[in-house]
Amino acid sequence: MSDQVAAREVAQEQQFVERVYARLEESASAARELAREGHDRARLGHEGGLVERDAMVHHAARRIAELDAAHEGLVFGRLDLRPSGDDVALGEEPRYVGRIGLRDAERDSLLVDWRAPAAAVFYQATAAEPAGVVRRRVLRSAGRRVEGVEDELLDPEVEGAEQLPILGEGALMAQLSRARDRSMHSIVATIQAEQDKAIRAPVKGVVAISGGPGTGKTVVALHRAAYLLYSDRRRYETGGVLVVGPSGVFMRYIERVLPSLGETAVALRSLGEVVDGVRAVRHDEPAVADVKGSSRMAEVLQRLARAAAPGAPEEFGIFWRDDRLRLDRRQLGRIRRQLMNQGRRNRQLSRVAGMLLDALWRQVRSERGRERGREAFDDDMLSDARFVDFASAWWPPLAAEEVLAWLRDPEVLAGVADGVLGEEEQRLLHKAWTRTEGSTRVPVTGEALTVEDVPLLDELRYALGDVPAPKDDADDLLTAEQGGIDLVELTTASDREYAPSGRPWRPATGSIDDDGFAHVLVDEAQDLTPMQWRMVGRRGRTATWTVVGDPAQSSWPAPEEAAAARAAALEKKLVHSFHLSTNYRNSSEIYAHAAAYAGRVGLDADLPRAVRSTGEEPVVLTGVEDLAATTRSVVVDLASRVAGTVGIVVPAARHVDVNGWLASWPELADDAPGARAAAATGRSSADDRVVVLTGLETKGLEFDAIVVVAPEEIEAESSTGRATLYVVLTRATQLLTTVSA
């Protein structure tokens with residue numbers, strides 16, 4: 001096809017794109033006017049005006065955000081369909097597909113939202129089953145400028161099809177060859193048929209997406225979240241969508257995808273951030289993580305939640321009228337068990353004083369005491385500081401962080417772990433929760449929580465219940481509804497209450513009653529520990545789910561235990577399974593190298609077909625004497641050969657050292673010739689392009705080039721080190737080098 005024809009086709013598409021952007025601006029202006037009108041309604045001076053204002057402003061703000069997000073790559077697809085009648089020629093009624101739907105001034109469809117049923121054929125039509133599509137075109141754009149088009153002729157038998165220009169070498173291959181940056185991008189223009197089936201799967205139940213490395217599982221799942229928000233916006237915006245990923249690095253990598261599709265009613269949280277008000281980034285060493293992640297910890301924590309608070313009084317005595325009243329350890333134990341059998345610990349605060357008073361009143365024998373009666377007895381006790389102080393100390397409001405800290409005492413840990421955890425496992429936990437100061441070990445402070453501690457904290461939140469807020473009015477101590485005395489009115493609740501992180505569509509309260517979402521998306525699901533499954537499962541008891549994973553990439557050593565916890569979290573919901581079989585990330589040379597490693601070490605890996613070849617074989621350097629110098633040479637070379645990102649993957653023990661190496665390499669400084677050349681060609685700065693990560697941190701990420709430092713150490717880091725190294729070897733799209741000492 002001549003350059004002249006290509007230029008003409010691009011110019012025609014440019015005209016249409018300019019028309020769409022003009023309509024987009026009109027729609028944005030209308031939305032802003034609606035917002036102004038909504039604010040004016042507040043001046044009506046009555047409640048109805050305020051309600052109208054809130055509704056109008058909310059609708060306008062959402063529409064403005066949607067229109068703003070759609071600017072980049074607004075129009076990306078065109079369908080030339082089989083003519084609908086004899087008076088219509090092929091190509092006269094094209095259907096354009098974009099990030100959002102737009103209508104013209106006459107309310108006719110101008111642009112079809114990619115999630116709409118009318119757009120499904122854009123992704124599902126094939127040459128074998130064209131579904132009425134004669135030509136499918138993908139527009140390649142930069143901002144508002146159309147830079148090129150990629151065509152596929154799906155039904156050449158239709159009359160006039162031979163007259164349609166067919167341009168380009170394939171939109172998908174062009175996209176796969178694009179340089180990577182530090183963020184994941186949407187694939188809305190190049191979704192493939194098997195991916196589209198998962199995106200548009202039935203809403204109810206669980207959609208399970210599996211597949212080997214590079215098959216697009218993550219980005220397909222994110223597009224499914226956008227599809228659900230489009231198909232049932234009221235449900236999913238009101239209830240919220242929770243996206244859970246393995247790390248903060250991963251969440252930052254994917255954070256632009258949904259906003260670029262016009263969706264913001266989504267909470268993106270790493271496993272260390274699932275609990276409101278808590279953020280953990282540090283990981284325990286593998287042996288400790290294995291203990292904390294085991295489902296056996298649930299039994300340990302349930303015992304802990306039922307245990308007496310350290311230092312709580314074990315008996316109480318008081319003289320009233322002519323009787324000496326006493327509660328000993330046995331009696332208090334019986335009352336404790338009765339309270340715990342009625343529900344979560346903190347929710348029994350209103351019953352505690354009443355049950356203690358009942359036990360004491362039964363001991364009143366004197367005639368003078370009986371004559372005064374129960375009401376007088378209660379009044380006297382509740383006005384006596386000795387009783388109030390005892391009751392408050394015996395059954396205090398307890399925050400989960402406070403109770404988890406009890407386990408730093410080896411005696412407490414041994415008591416609740418007896419028969420559940422072995423001595424070595426207890427030793428590992430004690431070591432993890434304390435640090436050495438001089439010749440002694442002292443507890444680690446709450447700020448040092450690890451990612452593996454967060455599910456334990458959440459387990460205790462649900463076992464204990466919310467910490468009640470202090471009440472302002474302490475005059476009426478009797479709670480008629482519950483028939484007891486509320487101790488929260490007698491004492492001050494813990495000041496370590498959970499601070500809500502907030503959600504833009506539904507303010508969080510920090511309460512366990514506000515943890516549920518309408519949809520939960522779990523990525524890298526094969527890595528979740530049983531305790532993490534319990535934590536995530538609580539957020540999705542009434543939700544629909546999308547679960548994404550590849551068992552061969554699992555970093556959890558007990559897959560059967562995790563499978564049982566996953567099944568419990570999903571609560572027998574109907575599962576729709578989708579398997580992705582094509583590797584779009586790696587070159588065939590890189591994936592052949594990774595697949596050979598998987599076979600050599602005995603991983604039962606799902607081996608997708610890589611569709612792209614670069615002619616660049618992976619480089620394996622062994623017996624290296626100067627690891628730093630060789631790594632430096634390799635990184636500088638790779639950075640000069642690729643336009644995008646370079647990942648340096650290292651064992652966790654070397655992470656700090658290699659970061660230091662990188663900072664000292666002048667060749668990669670922003671003012672170095674290579675960096676200036678990168679900037680001149682539109683690349684990111686060297687600082688943006690090169691990053692040092694551990695093996696686990698690479699989960700879900702991709703880079704133009706990867707340098708693996710000391711792969712044998714990554715393999716030896718944990719019992720699942722081979723799976724981790726397999727993941728690392730599948731992160732590169734173009735170039736891969738391993739450097740071994």
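Me: Why is Thr-218 called buried?

Reply: This is a predicted model, so keep that in mind throughout. Thr-218 has a relative accessible area of 10%. Buried means under 20%, so Thr-218 is buried. You'll find Thr-218 in helix 6.

Me: What makes Pro-156 partly exposed?

Reply: Pro-156 comes out at 46% relative accessibility. The partly exposed class sits between the buried cut-off of under 20% and the exposed cut-off of over 50%, so Pro-156 counts as partly exposed. Pro-156 is in the loop between strand 6 (145-153) and helix 4 (171-176).

Me: Why are helix 12 and helix 13 called oblique to each other?

Reply: Look at the angle: the axes of helix 12 (residues 329-340) and helix 13 (residues 349-361) cross at roughly 140° and come within 11 Å. Roughly antiparallel would need over 145 degrees, and roughly perpendicular runs from 65 to 115. The pair therefore goes down as oblique. The crossing itself is right-handed.

Me: Which residues make that contact between helix 12 and helix 13?

Reply: Helix 12 brings Leu-332, Ile-335, Gln-338 and Leu-339, while helix 13 brings Arg-351, Val-352, Met-355, Leu-356 and Ala-359. By class, that contact splits into seven nonpolar residues, one polar and one charged.

Me: How do you know that Gly-216 belongs to a "binding site"?

Reply: That label comes from the UniProt record, in an unreviewed entry, which lists Gly-211, Gly-212, Pro-213, Gly-214, Thr-215, Gly-216, Lys-217 and Thr-218. Such annotations may be inferred rather than shown by experiment. In the model, Gly-216 lies in the loop between strand 7 (206-211) and helix 6 (217-231). Leaving aside residues up to four places away in sequence, Gly-216 touches Gln-195 and Leu-580.

Me: And the whole chain: how many helices and strands does the secondary structure come to?

Reply: There are 29 helices and 25 strands. Of the contacts between residues at least 6 apart in sequence, 75% join residues at least 24 apart.

Technical notes
Residues numbered from 1 in each chain as written. Predicted model: local features only at pLDDT ≥ 70, side-chain atom pairs only at ≥ 80, totals over all residues. Heavy atoms only, no water. Axes fitted to C-alpha atoms, helices over the stretch in contact; angles between N-to-C directions. Helix = DSSP H or I, 4+ residues; strand = E, 2+ residues; numbered from the N terminus. Parallel < 35°, antiparallel > 145°, perpendicular 65-115°, else oblique. Left-handed = near helix turned anticlockwise from the far one by under 90°. Contact = heavy atoms within 4.5 Å. Nonpolar A, V, L, I, M, F, W, Y, C, P; charged D, E, K, R; others polar. Buried < 20%, exposed > 50% of the residue type's maximum accessible area, 1.4 Å probe, protein only.
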